[in-house]
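Student: Please take a close look at one part of this protein, the helix at the centre of my interest, and place it in its surroundings. Start with the overall fold, then zoom in.

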Amino acid sequence: IRPKSFYSSERDDWSAMEIKVHDIVRFQTSEHLVHFTEIPDWIAQAKSAQNYAVVRRMPITEKVPIGLRGNNRKERHACFINREAIMEVIRPTDLVGKINSGRAEHYMSTLNDVKRIIAEHRLLWGPTGSIGFELATGIKVTTPYSDYDIAIYIEEIDTAVLEKLFISLNSLETKLDVQIELKNVGSFILLDFIKNYSSGFLIRTIHGPQLCKVQNQTISFVSS
């Protein structure tokens, strides 16, 4: 596993750089968004939807698929943004540097534990979901009941590494929702993988979910 090369571009040219699912994009105003469905009324009132959005899992072209979030779980809206309208891209991996014991957020203690454990496994990772959004934007969107969503980035399947990682993270008191992002393939839930990698686990790809299994450290599709 070579974590530092998961993202192939380190440039600040947002129109040319690699953009991936979970990345948070900043834009100047909502006028730059492209909608193919009716625009919900809540978008005008939600601070979290005015200048930031999260990249969705779809094919990414000159129109980047994004999701806007509102003030509660029910307020979500899928739309697109043209690449040239993106002012900044914030990756989950960029947020790890913001995790420290001196901050007062309720989730910081758990994230510090996660940071320590994943560092021991030398993997690339970052917080996603509402916690990641709040860290990236400074906009308060979490509650004490928010999920602890994290993404871990790998370039190839190593069952032994993932099993050890699962044991380590599962030792924490807080329940984590851990997604593994496999380069050029898609993502899967770590718990699902651990339970079912030899019989069939679900990988979410840009073209939809696929049932897969692992044999000799190689992923293959399961025939329907």
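Tutor: The secondary structure comes to four helices and 13 strands. Helices (H or I, at least four residues) and strands (E, at least two) are DSSP runs, numbered from the N terminus. The radius of gyration, taken over C-alpha atoms, is 18 Å, close to the 17 Å that the globule rule gives for 224 residues, so the protein is as compact as a globular protein of that length. That rule is 2.2 Å times the number of residues to the power 0.38. The C-alpha trace spans about 50 × 45 × 35 Å along its principal axes.

A word on provenance. This is a predicted model: local features need pLDDT of at least 70, side-chain atom pairs count only at pLDDT 80 or more, and totals for chains, interfaces and linings use all residues. Residues are numbered from 1 along each chain as its sequence is written, and side-chain values use heavy atoms, with hydrogens and water left out.

Of the 224 residues, 46% count as buried. Buried means under 20% relative accessible area, exposed over 50%, partly exposed in between (1.4 Å probe, protein chains only). Contact means heavy atoms within 4.5 Å. Residues 24 or more positions apart account for 60% of the contacts with a separation of 6 or more.

Now the part itself: α3, residues 159–170. At 1.5 Å a residue, its twelve residues should span 16 Å, and its end C-alpha atoms are 16 Å apart, which agrees. The expected span is 1.5 Å times one less than the number of residues. Thr159, Leu162, Leu165, Phe166 and Leu169 are buried in α3. They cover an arc of only 125° around the axis, which puts them on the same side of α3. The arc is that of the directions from the helix axis to the C-beta atoms. An α-helix has 3.6 residues a turn, so residues three or four places apart point the same way. The face turned away from the buried side carries the exposed residues Lys164 and Ile167.

What does the buried side of α3 pack against? Its buried residues meet α1, β8, β9, β10 (186–189), α4 and β12. Take Leu162. Not counting residues up to four places away in sequence, Leu162 touches Ile154, Ile157, Ile180, Phe188, Leu190, Phe193 and Ile194.

Next, the core. A nonpolar core is a set of buried Ala, Val, Leu, Ile, Met, Phe, Trp, Tyr and Cys residues joined through side-chain atoms within 4.5 Å. The largest one has 41 residues; Leu162, Leu165 and Leu169 are among the members that touch the most others, a group including Ile118, Ile152, Ile180 and Phe188. Elements giving two or more residues to this core include α1 (108–121), α2 (129–137), β8 (149–154) and α3. The largest share, five residues, comes from α1.

That partner helix deserves a look. α1 has 14 residues and reaches 20 Å from its first C-alpha to its last, close to the 20 Å expected at 1.5 Å a residue. Its buried residues are Met108, Thr110, Leu111, Val114, Ile117 and Ile118. They pack against β7 (124–127), α2, β8 and α3. Arg122 follows α1 and has a positive phi, near 55°.

One more neighbour: β12 (residues 208–215) pairs with β13 (residues 218–221) in the antiparallel sense over four bridges. Strands pair if DSSP finds at least two bridges between them. Val214 stands opposite Ile219 in β13.
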